[in-house]
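Open the model in your viewer and keep the selection tool at hand. The tour goes from one residue out to the whole chain.

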Amino acid sequence: NHEIDGGYMGYFEIRKSDKNTQQPYYFVLKAPNNQIIAHSEMYSSKQAAENGIASVQANGCTTDIRDKT
């Protein structure tokens, strides 16, 4: 966890599904209270999941909300 302005940011966990699938890897984003707040798509390799995390880290810092309803 990283401290920002006296509070803590969430963190990523890389996981592997127990199911027999060609894309067993995924990641979750957890809040400081350990609740899952986001779940990724499935990836074919651990490296691909790590690349997905890197993409979220690079592109995910926004307050922009686009309501498509």
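**Stop 1: a lysine in a strand**

Select Lys30. Lys30 has a relative accessible area of 11%, so Lys30 counts as buried, the cut-off being under 20%. This is a predicted model, so read each value as computed from predicted coordinates. Colour by secondary structure: Lys30 sits in strand β4.

Setting aside neighbours within four places in sequence, you will pick up Gly10, Tyr11, Glu13, Arg15, Gln35, Ile36 and Ile37 as contacts.

**Stop 2: the helix**

Select residues 46-59. This is helix α1, with 14 residues.

Which residues of α1 are buried? Pick Ala49, Gly52 and Ile53. They cover an arc of only 100° around the axis, which means that they lie on the same side of α1. Look for what they pack against: β3 (11-16) and β4 (25-30).

**Stop 3: the core**

Select Tyr25, Phe27, Tyr43, Ala49 and Ile53 together. These five residues form the largest nonpolar core. Two elements, β4 and α1, each give two or more residues to this core.

Keep Ile53 and hide the rest. What does Ile53 touch, beyond residues up to four places away in sequence? Show Phe12, Ile14 and Phe27.

**Stop 4: the whole chain**

Zoom out and switch to cartoon. The chain has one helix and five strands. Trace the chain along its sequence: the pattern reads β-β-β-β-β-α.

Colour by accessibility. Of the 69 residues, 20% count as buried.

Take the contacts with a separation of 6 or more: 16% of them link residues 24 or more positions apart.

Methods:
Residues are numbered from 1 along each chain as its sequence is written. This is a predicted model: local features need pLDDT of at least 70, side-chain atom pairs count only at pLDDT 80 or more; totals for chains, interfaces and linings use all residues. Side-chain values use heavy atoms; hydrogens and water are left out. Helices (H or I, at least four residues) and strands (E, at least two) are DSSP runs, numbered from the N terminus. The expected span of a helix is 1.5 Å times one less than its number of residues. Buried means under 20% relative accessible area, exposed over 50%, partly exposed in between (1.4 Å probe, protein chains only). The arc is that of the directions from the helix axis to the C-beta atoms. Contact means heavy atoms within 4.5 Å. A nonpolar core is a set of buried Ala, Val, Leu, Ile, Met, Phe, Trp, Tyr and Cys residues joined through side-chain atoms within 4.5 Å.
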